[in-house]
Amino acid sequence: TDPVACNFNPTVTEDDGSCLEDLDGDGICDVYEIFGCNNENAENFDSNATEDDGSCILIGCSDDFACNYDPQVSIPEEDICIFPEWEQFGTNVTNIVPQSLKISSDGTTVFLGSSSMTPMGGVVCLDFVEGNWLQRGDTILGTWGSIGAQIAVSGDGNRVFISDPFFDDPVNGPNFGKVQCFQWEDSTWVQLGNSITGNVMNAELGLDMDCSVDGNRLILSSGGGTEIHEYSQFEWQLLAELAIASGSYRKCALSPNGEWAAVSAYPDVHIYQESNGFQLDTILVGGNSFGLYNLQISDTPVIATTGIPGGGSSSDWGLHAYTKSQEGVWVNKGLPITSVSSYLGIALHDNGNELLGHTQNGQMFHFHWTDEESWELSETWNGSYVPSYNNEYGKELLDFSNGQNFGAFDTVFQIQECD
């Protein structure tokens, strides 16, 4: 007579103690359940099973970046994973041969710079409008020498930094270096705040630079060291002076939130954190070419660079990623990506889980971080999207948006939705 029993009989007037339970409410009395695998896609599917006992054997793709990802897979078979494709987004950006490229967070604004664009160099901004890339405003020329080889851009695409490391101070001497910030206001590019100039002869300020996503912080490398500037009270003010870098290439990177900085102090990479006043957080010990050509850092934080780490051999040359563990120790994020010996440029997604690399022969590679805590190759391009530059500028032609786009040379790519 129990109305919740699975064998309840509404016509019975006296209970005889025969009531049966149906704890899962599937309409089958517990004593009559047949346990087994009831997933039709499993290798051991049992059509007679009424209750799944967790014994299903599912072979499939366990990579959550893939279109055919199945969270129920018990035996991963990564060869069958189908990854979303990257396709060109609109037309080619421009006929300019750039030395530097940056893309906005939403992937619809691109900046290209070249020291040979005009006799003074230049930077152009292009917006994506109805399938085409259209220039916004005039070409940014700056007020001196040759600019465009190095640029940094805010996430909204309305603020751009340009530098000429070889700017000569008319009074004090050559190669002081100079950096300016331009902001989009009232349909034109206007300088924001003061110019930042090197403080000694041959400082070559602005050899490399990066900015926070809001465009209010800027990291600059020079022959004398690395500086972080912040926009405050209508001017750019020195916030911190970091390590002295050596060698021909002085790479630096700032996380999107502006709280982490990475500096190439060849052969090592120095990492700084704002919470301790941009004091040194750790040193990644390097070897040959480590941190010399490429350096990226995300909020998470994840560091990406190329070369050979300390204690490594030529077989370890490749793309390396590091992250800070819960114990506060910097550790390798997966094994190094050594499948390609010469990464000319890299780009790290803000989430720290996607990497792009391009080589001197024009190949490009996209890697993503998997649940198995490893880097998985998801796409390869065998084209001439990125030229074979033999100088440092070729390393500045790859940049991720914060969404589903990335820019390479003069082309923007967008990841496609899975069918």
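A salt bridge here is a side-chain nitrogen of Lys or Arg within 4 Å of a carboxyl oxygen of Asp or Glu. The model is predicted, so local features need pLDDT of at least 70 and side-chain atom pairs count only at pLDDT 80 or more, while totals for chains, interfaces and linings use all residues. Residues are numbered from 1 along each chain as its sequence is written, and side-chain values use heavy atoms, with hydrogens and water left out.

**View 1. Arg-217, Glu-230 and Glu-274 are linked in a network of salt bridges.** Welcome to the first close-up. The side chains of Arg-217 and Glu-274 meet at 2.4 Å, N to O. This pair joins strand β16 to the loop between β21 (268-273) and β22 (279-284), 57 residues apart; strands are DSSP runs of E with at least two residues, numbered from the N terminus. Arg-217 also bridges to Glu-230, with the closest N and O atoms 2.8 Å apart. Here strand β16 (residues 217-222) is linked with strand β17 (residues 225-232), and the two residues are 13 apart. Arg-217 is buried at 12% relative accessibility, whereas Glu-230 is partly exposed at 24% and Glu-274 is partly exposed at 28%. (Buried means under 20% relative accessible area, exposed over 50%, and partly exposed in between, with a 1.4 Å probe and protein chains only.)

**View 2. Lys-324 forms a salt bridge with Asp-281.** The closest N and O atoms of this pair are 3.0 Å apart. Lys-324 sits in strand β25 (residues 318-324) and Asp-281 in strand β22, so the bridge ties together parts that are 43 residues apart in sequence. Lys-324 is partly exposed at 25%, and Asp-281 is partly exposed at 24%. A search of the whole structure finds 5 salt bridges.

**View 3. Ile-57, Ile-59 and Ile-75 form a nonpolar patch on the surface.** Together they have about 230 Å² of accessible area, computed by the Shrake-Rupley method with a 1.4 Å probe, where for residues only the protein chains shown count as cover. Patches are made of residues with over 30% relative accessible area and no salt bridge; nonpolar side chains (Val, Leu, Ile, Met, Phe, Trp, Tyr) are joined within 5 Å, and like charges within 9 Å. Ile-57 lies in the loop between β2 (51-52) and β3 (59-60), and is partly exposed at 36% relative accessibility.

Conventions: Helices (H or I, at least four residues) and strands (E, at least two) are DSSP runs, numbered from the N terminus.
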